[in-house]
Amino acid sequence: MLIDTTLREGAQLFGAYFNLETRKRIASSLIAMGVDEIELGWVGQEDLPLFAEHALKIGSSTALSVWSPCREKDIEIAAGLGLKRINIGVPVSDLHIEKRLDSDRQAILRKLASAVRTASGCGFEYISVGLEDISRADGDFALSMALHAEVCGASRVRLADSLGQLTPLAMEKLVRKFRGKLNIDIAVHCHDDFGMATANSFTALEAGADFADCSVVGIGERSGIAATEELVARLALREGNTRYSTAVLKESCMLVASAAKVAIPRTKAVVGTDIFACESGLHAHALSKSPELFEPYNPDSVGTSRKLAVGGKSGRAAVRNALDEYGIDCGTDNLSTLTEAVRQLSLRLERPLTRSEFIKLNDGEVYS
């Protein structure tokens with residue numbers, strides 16, 4: 001269901017360089033996460049034979065694949081890696097066929113047929129054909145390419161929204177069109193240029209796609225692709241898919257973000273440090289009574305914890321909860337005064353108060 005391509009698409013991020021040891025650690029975390037397939041890299045990538053050899057030893061039930069352009073010589077090189085799966089990329093939009101390859105539709109169909117047959121002859125048991133830039137392609141021609149790939153022996157077609165043009169409704173329509181005609185697996189590869197990659201990917205799965213590409217913290221070319229941790233969390237915590245483990249998401253994201261030199265925003269879905277932090281009076285009071293009122297899932301499930309603090313947005317109930325948590329009794333008469341003091345100090349500091357600051361404020365200390 002999920003094809004993680006952190007080590008191929010993600011490694012194409014501007015300025016990202018993963019050495020062999022880092023790639024091994026990322027692969028191990030992805031296997032622990034339970035992703036269905038790991039795209040290990042691309043033909044010609046440095047140390048790929050060594051990395052593929054390592055991945056085959058630890059892969060267990062996770063499928064392993066490699067990406068190759070639609071060229072026979074590259075497919076033959078890929079065959080030397082010992083992998084059973086190959087992902088062959090071929091442009092399907094006239095823009096790419098004509099301006100990038102200086103070719104035409106009939107030539108691309110012949111090229112695709114030759115590539116699939118070469119891959120089959122090289123011993124690949126599962127051949128995936130990626131139709132690049134499908135969102136700007138002629139829909140009927142794109143479908144004919146997919147059907148041609150199936151006739152030639154492909155096991156899967158991957159519909160690549162290469163520039164993030166699609167919306168969830170358009171993605172649903174696209175997948176249903178291909179699902180109605182194909183008898184092989186369908187995958188999607190959604191870029192995030194307009195912030196819809198994860199939504200498009202999940203919609204595709206709901207509409208009948210068998211696989212969705214993703215990368216940890218969504219890294220990839222430009223603004224990246226669908227985020228692995230978001231799809232894993234949704235599938236595991238809301239759809240009940242027991243294959244996936246959310247326990248390793250935070251650690252995996254920190255590993256990849258550090259290696260790629262990408263900062264994780266504190267409000268980042270699933271793995272942000274402050275996604276379970278609260279200082280608002282109404283929400284804090286509700287959380288103290290029943291966490292599920294304002295939490296989509298248990299913080300423990302993604303390796304984080306709830307963080308409640310008092311500050312400029314806190315009311316009497318939130319301050320009372322903080323006092324109870326710290327085992328302090330300030331008396332009912334002093335609660336309003338303390339609440340106002342908390343608000344004023346927080347507004348001056350432009351942040352919530354620390355535990356130490358709150359206790360000292362309750363003890364009557366004055367901050368200059």
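**Stop one: a strand pair**

Select residues 126–132 and 156–161: these are strands β5 and β6, which pair in the parallel sense over four bridges. A strand here is a DSSP run of E, at least two residues, and a helix a run of H or I, at least four residues, all numbered from the N terminus; two strands pair if DSSP finds at least two bridges between them. This is a predicted model, where local features need pLDDT of at least 70, side-chain atom pairs count only at pLDDT 80 or more, and totals for chains, interfaces and linings use all residues. Residues are numbered from 1 along each chain as its sequence is written, and side-chain values use heavy atoms, without hydrogens and water.

Within that pair, find L131, which stands opposite L159 in β6. Contact means heavy atoms within 4.5 Å; axes are lines fitted to C-alpha atoms, for helices over the stretch in contact, and angles run from 0 to 180 degrees between N-to-C directions.

**Stop two: the barrel**

Colour the strands in the order β1-β2-β3-β4-β5-β6-β7-β8, and you'll see eight of them close into a barrel with parallel pairing. Neighbouring strands of this sheet are turned by 25° against each other on average, direction ignored. Then pick helix α9 (228–237), which lies across β1 (2–4) and β8 (211–214) and runs at about 155° to β1.

**Stop three: a loop**

Last, jump to D102, in the loop between α4 (94–100) and α5 (105–121). Its phi is near 50°, positive in a residue other than glycine.
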